[in-house]
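Here are a few notes to keep beside you as you look around this structure for the first time. Take the points in any order you like.

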Amino acid sequence: MPFAYVDRDLLDLNIRLIAETAGSKKVRIASKSIRSVEALRYLLAADARFQGIMCYSAAEAAFLAGQGFDDLLLGYPTWEASGIGRLVDLIGEGRRIVFMTDCPEHVERIERIARARGVRVPLCLDIDMSSDYPGLRFGVWRSPLDEWENVRPVAERIVRSEWVRLEGMMGYEAQIAGVGDRVPGAAFKNGLIRLLKRRSIREVARRRREMADNLRSLGAELIFVNAGGTGSLASSREEETVTELTAGSGFYSPGLFDYYRDFRYAPAAGFAVEVVRKPRPGIVTCMGGGYVASGAADRSKLPQPFLPSGLSLMPLEGAGEVQTPLRGSRGSHMELELGDPVFFRHAKAGELCERFDSLYVVSNGAVVDRYATYRGMGETFL
């Protein structure tokens, strides 16, 4: 200890649930939520609907291409010239890789590098799907391409080019996919978020349909329209315009996924730290554990003790860099001894893999395999 693990039996359950929720749509795997080559291979082999990977950086896409993966979509724009050049070279070798863009500067930079190498490069437009209401931004600050008047100049620039072509459109409705609406002790806020989600789902479907129609009217031959995240699979799959969905976090089902009303996946991944102190009756202290998730800094980004049940973080210490004290709930039996493991769930999914070289694969209560993480293969990308 410490070590990270994935429960293959629960992972298989989540695979079935995600495939069922996606219906007839193709599912692209979000690699940032997995961060293990062997785990990615396992997922892609699990169901015929799972096809392609959404990468999070150019270096990661090149790495995965080197591992034999194809049909790679960059989920975010990239600017660094050598990274773009490496991917353009791979495209020239016949690999299926699509760049994400949301402004003329992206297009022009990729175009210059493509022209210099004599390779025509496929692009995808990242369309902002956030909802703006009076006094409220319901969504994330992502792409500047929100309305058609902003999208059209970029799309026309691509369509005119000899060296880039518009093959895809992506819109991530983070306000639906990434916002919990079953948070304990927040009944009013939960109700408000559900109301806003229902309204936003209708708005997103309309805007996505209109945007795809407008792009095709300019002569763009859209091969795919990508939508969703794990939290919005059920709504995005109903859109005829959408050809593929993205899912990632739901396979591991981290702690933040407990706070959604309309779905529940099994806690398939986590980590264990070792009890090294017993400073007072009812309190144990573990070695390490401070694996905090990204995003706005608040208690929801802390890992949470999972097993044994009845343990909680100390409010003034939280999950620490080198030690994490835990208190047993009133009435619970604190029977942990020095050297015992305490199992935690990370708040998010793939970020856990940045702290560990491997994931122990558990099935039927036994370790059956060991998947190297990116870190375990000597790679870190962000």
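**Notes for a first look**

1. Let's begin with open space: the second largest pocket has a volume of about 330 Å³. Of its 18 lining residues, those closest to the centre are I176, G231, A234, D262 and F263. On a 1 Å grid over the protein atoms alone, a pocket is an open set of points with protein on both sides within 12 Å along at least five of seven lines, and lining residues have an atom within 4 Å of a point. Grid points are joined across faces, edges and corners, and a volume is the space filled by probe spheres set on the points.

2. Before going further, please keep in mind that this is a predicted model, where local features need pLDDT of at least 70 and side-chain atom pairs count only at pLDDT 80 or more, while totals for chains, interfaces and linings use all residues. Residues are numbered from 1 along each chain as its sequence is written, and side-chain values use heavy atoms, with hydrogens and water left out.

3. Which helix gives the most to the lining of the second largest pocket? Helix α8 does, with four residues, and α8 and α9 (233-236) each supply at least two. Helices (H or I, at least four residues) and strands (E, at least two) are DSSP runs, numbered from the N terminus. By class, this pocket's lining divides into seven nonpolar, five polar and six charged residues. Here Ala, Val, Leu, Ile, Met, Phe, Trp, Tyr, Cys and Pro count as nonpolar, Asp, Glu, Lys and Arg as charged, and the others, Gly among them, as polar.

4. Staying with α8, have a look at S200, which sits in this helix (residues 187-217). S200 counts as buried because its relative accessibility is 0%; buried means under 20% relative accessible area, exposed over 50%, and partly exposed in between (1.4 Å probe, protein chains only). Its side chain makes a polar contact with the side chain of S131 at 2.8 Å. A polar contact is a pair of N or O atoms within 3.5 Å; within protein, one must be able to donate a hydrogen and the other to accept it, and residues adjacent in sequence count only if both atoms are side-chain atoms. Leaving out residues up to four places away in sequence, S200 touches S131, Y133, F138, Q175 and I176, where contact means heavy atoms within 4.5 Å. I176 is also among the residues closest to the centre of the second largest pocket.

5. Is N14 buried or exposed? N14, in helix α1 (residues 8-22), is buried, since its relative accessible area is 0%. The side chain of N14 reaches the backbone oxygen of F251 at 2.9 Å, and the backbone oxygen of G250 lies 3.4 Å from a polar atom of that side chain. Beyond its neighbours within four places in sequence, N14 is in contact with residues including Y252, Y265 and A268.

6. Y252 turns up again in the lining of the largest cavity, together with P254, A269, G270, H346, K348, A349 and L352. A cavity is a set of grid points where a 1.4 Å probe fits but cannot get out. A search of the whole structure finds one cavity of 30 Å³ or more, and about 40 Å³ of space lies in the largest cavity.

7. P279 belongs to strand β12 (residues 269-280) and is partly exposed, with a relative accessible area of 38%. Its C-alpha atom is separated by 8.9 Å from that of P325, 46 residues apart along the chain. S329, in the loop between β16 (323-328) and β17 (341-345), is partly exposed at 37% relative accessibility. The C-alpha atoms of S329 and G282 are 47 residues apart along the chain and separated by 8.1 Å.

8. Finally, some backbone details. Most residues other than glycine have a negative phi, and most peptide bonds are trans. Cis peptide bonds join M1 to P2, with omega about 0°, and L307 to P308, with omega about -5°. Phi is positive for D71, near 60°, and for N364, near 55°. N364 is found in the loop between β18 (358-363) and β19 (366-372) and counts as exposed at 71% relative accessibility.
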